[in-house]
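Subject: Structure for your review

Dear colleague,

Please find the structure below, followed by an account of what was found in it. I would be grateful if you would read the two side by side.

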Amino acid sequence: MATKTDDAVLYNGEDLKSFYFPDKFDHRQSAVPGNPCYNFRFRIFIFFTYIVVTQLGEIFGTPSDDINGIWDWGHLLTTPVNKLYQEHRWFSAMMQISSALILDFAFFYVSLYWVLYERNFRLFAVLILFYAIRAIHLNIFKLEYSPNYYWEDPLVPSLVVKYGKYSDFFYSGHVGFLTICALEMRKVGKSYMALFFFICSIFQAFIVISFAIHYTIDVPGGYIFSHYFFNMVCYWEAKIDFILKRIANCFSRKNKTIRIAYENDTDKQQPTAI
């Protein structure tokens, strides 16, 4: 627990000199005393501003167009690229193979990093939750294929990418998976790999929209759901590992407590990855 005597306390990545968490934190208060929310007039201003903004949003932000079928702004913008894919098979195959190589690399890199250096179930708990909820979505709500849907087999196998015609829309697994990889790498301090995976997720977003294998709404959905599930698993991380330990003990012949051997007993950190 942080106290006032601490020289520095990290809170959400910020080094705060004067920072105090009581034994029982009152969540009606702020962890940063003196912020504008302590001013009553500011809170009244925010309250009425919110009412005005929501009313304007309902008037100007809610469409009332009578649309037959599906109207997708992302597909309309990328139609010229989609035509290039269909007219030049070598170009579409090159883009598909590039996309698949990135996803395969991300799968092997992050998974093997977890096997070699991590001692928690966080990564795979997020992936299981992300794809389980996605599978439910795909089977309870199905959309028609876009007229520009084009995802032929480039004849180069991939471990994580399947080709052909599948009703595999909301939300994007291409984007969501790489976002999870980026968040995991940032969590373990590998900022360059986190940035690389995030940039790759933007490339994947362009791929899935321009090939029309996803609707535009699927892409932000992939970002939002992956980020939400990652944060949720981080919040429950200790309890998830505890449950996993209890399950492991049930299957243990001698029912012994699992003991963790740290390479460095002073700071309890894992060795730096090569």
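Is the crossing of α6 and α8 left-handed or right-handed? The crossing of α6 and α8 is right-handed; a crossing is called right-handed if the near helix is turned clockwise from the far one by less than a right angle, and left-handed if anticlockwise. Helices here are DSSP runs of H or I with at least four residues, strands are runs of E with at least two, and both are numbered from the N terminus.

Some notes on the source come next. This is a predicted model, in which local features need pLDDT of at least 70 and side-chain atom pairs count only at pLDDT 80 or more, while totals for chains, interfaces and linings use all residues. Residues are numbered from 1 along each chain as its sequence is written, and side-chain values use heavy atoms, with hydrogens and water left out.

Helix packing

The axes of α6 and helix α8 (residues 218-235) are 8 Å apart, and the two pack at an angle of about 35 degrees. Axes are lines fitted to C-alpha atoms, for helices over the stretch in contact, and angles run from 0 to 180 degrees between N-to-C directions. In this contact (heavy atoms within 4.5 Å), α6 contributes V175, G176, T179, I180, L183, E184 and K187, which meet V219, G222, Y223, S226, H227, F230 and C234 of α8. By class, seven of these residues are nonpolar, five polar and two charged. Here Ala, Val, Leu, Ile, Met, Phe, Trp, Tyr, Cys and Pro count as nonpolar, Asp, Glu, Lys and Arg as charged, and the others, Gly among them, as polar.

Helix α6 (residues 173-187) also packs with helix α5 (residues 122-140): their axes come within 11 Å and cross at roughly 160 degrees. That makes α5 roughly antiparallel to α6 (angles over 145 degrees; under 35 is roughly parallel, 65 to 115 roughly perpendicular and the rest oblique). This crossing, too, is right-handed. On the α5 side the contact is made by R122, L123, V126, L127, F130, Y131 and R134, and on the α6 side by G173, G176, F177, I180, E184 and K187. The classes here are seven nonpolar, two polar and four charged residues.

For helix α3 (residues 79-87) and helix α4 (residues 89-117), the axes come within 5 Å and cross at roughly 110 degrees. That makes α3 roughly perpendicular to α4. L84, Y85 and E87 of α3 meet R89, F91, S92 and M95 of α4.

The loop between α5 and α6

What is the peptide bond from F170 to Y171, cis or trans? The bond is cis, with omega near -5 degrees, and Y171 lies in the loop between α5 and α6. L155 is also placed in the loop between α5 and α6; L155 has a positive phi of about 70 degrees although it is not a glycine. Most residues other than glycine have a negative phi, and most peptide bonds are trans.

Annotation

The unreviewed UniProt entry annotates residues 90-116, 123-143, 163-183 and 195-217 as "transmembrane region"; such annotations may be inferred rather than shown by experiment. Residues 123-143 are 86% helix and 0% strand, with end C-alpha atoms 30 Å apart.
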